[in-house]
Amino acid sequence: MNDFLFYSPTEFHFGRGAENAAGECCRALGARRAVICYGGGSAVRSGVLGRVEASLREAGVDYREMGGIKPNPTDDRVYEGIELARSFGADLMLAVGGGSVIDTAKAIAGGVPYDGDFWDFWEGKAVMQRALNVGVVLTIPAAGSEASGNSVITRRDGLKKISLKTPKVLRPKFALMNPELTFTLPAYQTAAGATDMIAHILERYFNNTPATLVTDALSEALIREIVDVTPRVLDAPDNYDLRACLMWSGTLAHNGICGTGVTEDWTSHFLEHEISAVYGVTHGAGLAVVSPAYQTFMATHHPARIARLAHNVWGVTPTGDDKADALSGIERMKAFLRRIGMPVTFAGLGIEHPDIPLLTRSLHAHKGNPVGNFFPLTPEDTTQIYTLML
């Protein structure tokens, strides 16, 4: 096991009506002026935005709003938010939504006190040292951004989709999590979110670090729970306990606990980021296509870990043939993904003729050569994996 620093200071308010604590949480941080970021009209129609606003008013916190943040958030909305927050004199960013809204709020929070272009941080030209405080009212369990210091933003010029990791600076100070807010999520969005959760765990699970027994066991147990609960949630979308289980799973999948003591990989996310940057697909759905293909490649090149996943998560009986067991586990994963309505091929994403050379060139231009830690990929390897998605 590697030495590690685990830092997770976020205060979680979990349960019915949690969003009503927004005002007191902001005031506890000394906030007086907040910018509320949210996505589409669902935050308004569901009433959650109104309840958050009422909570802020009761606490004496002034606010401005920035709505209409879309999936795969782009740099133009970040620049817009930085200008709004500066002109308003904001001292806190409050995200009401899922990963895209939270990631945008984080990017704005980091950009406000910085004299240069916020994109400097994403391109590695500068290191973020400070940011406005960030709070979250979670409405879409998926990305786990409510519990991490990560933010993924797409630069429209060149379609660069890059994840910035700031273990301390951008972690939300509080996250308000009411499973009731997820009852009306479309089935596709629920399933894509669950797929994203599993992928977050696998990015840590696919590692070469020895003696990580506890971390491995946590990861396997969490994936098994997501696999068990997700179809049941889709069958009973207003079941509070099932929704609560799925929501908390998304947080644990990405707060860092599943990466303690290991050298993480993140290759599957890098592969998917190129797809969603070019074709605009839902991130979780893209991962549903990437992950089985990536594992199929690894079943030949690095089979032992994929076989362990097959044994301990997908219930494959060990045969002594790691490659065969790994492939059996992948087939069971694909069956699960189909069961919850996720695609497993490019065509399932609506991409009939993907430009694989473009995706490969873009990936290695952004991430270097080779890419990844579990099994470093050359451009030839990357092309093989994208081809397996056909």
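Modeller: Let me begin at the start of the chain, keeping in mind that this is a predicted model. Met-1, Phe-4 and Phe-6 together make a nonpolar surface patch of about 300 Å². Met-1 belongs to the segment that comes before β1 (11-14), and with a relative accessible area of 45% Met-1 is partly exposed.

From the surface we can turn to a strand with other surroundings. In strand β4, which covers residues 92-97, six of the six residues are buried, so the strand is largely enclosed by the rest of the structure. Leu-92, Leu-94 and Val-96 point one way from β4, while Met-93, Ala-95 and Gly-97 point the other way, and all of them are buried. Strand β2 (residues 33-38) runs parallel to β4 and is joined to it by five bridges; within this pairing, Val-35 has Met-93 of β4 as its bridge partner. Strand β5 (residues 133-138) also pairs with β4 in the parallel sense, over six bridges, and here Met-93 stands opposite Val-134 of β5.

Arg-171 sits in the loop between β7 (160-165) and β8 (174-177). Arg-171 is buried and yet has no salt bridge, since the nearest side chain of opposite charge, that of Glu-264, is 8.5 Å away, whereas a salt bridge needs the charged atoms to be within 4 Å.

Most residues other than glycine have a negative phi, and most peptide bonds are trans. Asn-72, however, has a positive phi near 55°; this residue is placed in the loop between β3 (62-66) and α4 (75-88), and at 15% relative accessibility Asn-72 counts as buried. Ala-211 likewise has a positive phi, near 60°, and is found in the loop between α7 (187-205) and α8 (213-235), but at 55% relative accessibility Ala-211 counts as exposed. The peptide bond from Asn-369 to Pro-370 is cis, with omega near 5°, and Pro-370 lies in the loop between α14 (356-367) and α15 (379-388).

Definitions and conventions
Residues are numbered from 1 along each chain as its sequence is written. This is a predicted model: local features need pLDDT of at least 70, side-chain atom pairs count only at pLDDT 80 or more; totals for chains, interfaces and linings use all residues. Side-chain values use heavy atoms; hydrogens and water are left out. Patches are made of residues with over 30% relative accessible area and no salt bridge: like charges are joined within 9 Å, nonpolar side chains (Val, Leu, Ile, Met, Phe, Trp, Tyr) within 5 Å. Accessible areas come from the Shrake-Rupley method with a 1.4 Å probe; for residues, only the protein chains shown count as cover. Helices (H or I, at least four residues) and strands (E, at least two) are DSSP runs, numbered from the N terminus. Buried means under 20% relative accessible area, exposed over 50%, partly exposed in between (1.4 Å probe, protein chains only). Two strands pair if DSSP finds at least two bridges between them. Lys and Arg count as positive and Asp and Glu as negative; His and the chain ends are not counted.
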